[in-house]
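Subject: Structure handover

Hi,

Here is the structure we talked about. Please open it and follow along with the notes below.

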Amino acid sequence: LSGSKSEILQLAQEIAISHHERWDGRGYPHQLRGDDIPLSGRIVSLVDVFDALTHERTYKKAWPIEEALEEIERNAGTQFDPRVVQALLTLFPEYRQKIAA
């Protein structure tokens with residue numbers, strides 16, 4: 001992906017290199033923190049974890065969506081950008097209602 005003139009491949013490179021970074025700086029490969037992580041990487045990091053939690057794998061059962069969202073919300077500000085977490089949660093209004101109750 002490196003060095004491509006294609007905008008989509010440049011974005012793919014940005015995502016590939018940044019989606020394992022963590023909001024608190026304890027990720028890899030460059031230990032970027034906060035807004036130093038490209039937004040594309042912050043979004044894909046969150047979506048990747050949500051997908052991994054909510055789908056069955058050979059080594060684990062799928063988590064219920066509510067439990068996955070709770071885990072993600074617990075990790076807002078450490079693993080994930082809190083604003084990206086809030087954006088994800090807006091896609092699940094029924095989950096927000098359960099928390100408020």
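Helix α2 passes α3 in a right-handed crossing. (A crossing is right-handed if the near helix is turned clockwise from the far one by less than a right angle, and left-handed if anticlockwise.) The axes of α2 and α3 come within 9 Å and cross at roughly 145°. Axes here are lines fitted to C-alpha atoms, for helices over the stretch in contact, and angles run from 0 to 180 degrees between N-to-C directions. Helices themselves are DSSP runs (H or I, at least four residues), numbered from the N terminus.

A word on the source: this is a predicted model, where local features need pLDDT of at least 70, side-chain atom pairs count only at pLDDT 80 or more, and totals for chains, interfaces and linings use all residues. Residues are numbered from 1 along each chain as its sequence is written, and side-chain values use heavy atoms, with hydrogens and water left out.

Which residues meet between α2 and α3? From α2 come Leu46, Val49, Phe50, Leu53 and Thr54. From α3 come Ile65, Ala68, Leu69, Glu71 and Ile72. Contact means heavy atoms within 4.5 Å. By class, there are 8 nonpolar, 1 polar and 1 charged residues. (Ala, Val, Leu, Ile, Met, Phe, Trp, Tyr, Cys and Pro count as nonpolar, Asp, Glu, Lys and Arg as charged, and the others, Gly among them, as polar.)

Next, α3 and α4. Helix α3 covers residues 65–74, and its axis lies 10 Å from that of α4, at an angle of about 160°. The two are therefore roughly antiparallel (over 145 degrees). Their crossing is left-handed. Leu69, Ile72 and Glu73 of α3 touch Val85, Gln86, Leu88 and Leu89 of α4. That contact has 5 nonpolar, 1 polar and 1 charged residues.

Now the aromatic rings. The whole structure holds 1 aromatic pair. The rings of Phe50 and Phe92 have centres 5.6 Å apart and planes at 50°, so the pair is tilted. (Rings of Phe, Tyr and Trp, its six-membered ring, pair if their centres lie within 6.5 Å; planes under 30 degrees apart count as stacked, over 60 as edge-to-face and the rest as tilted.) Phe50 sits in α2 (residues 39–54), and Phe92 in the loop between α4 (82–89) and α5 (93–100), so the pair ties together parts 42 residues apart in sequence.

Best wishes

Terms used:
Angles under 35 degrees count as roughly parallel, over 145 as roughly antiparallel, 65 to 115 as roughly perpendicular and the rest as oblique.
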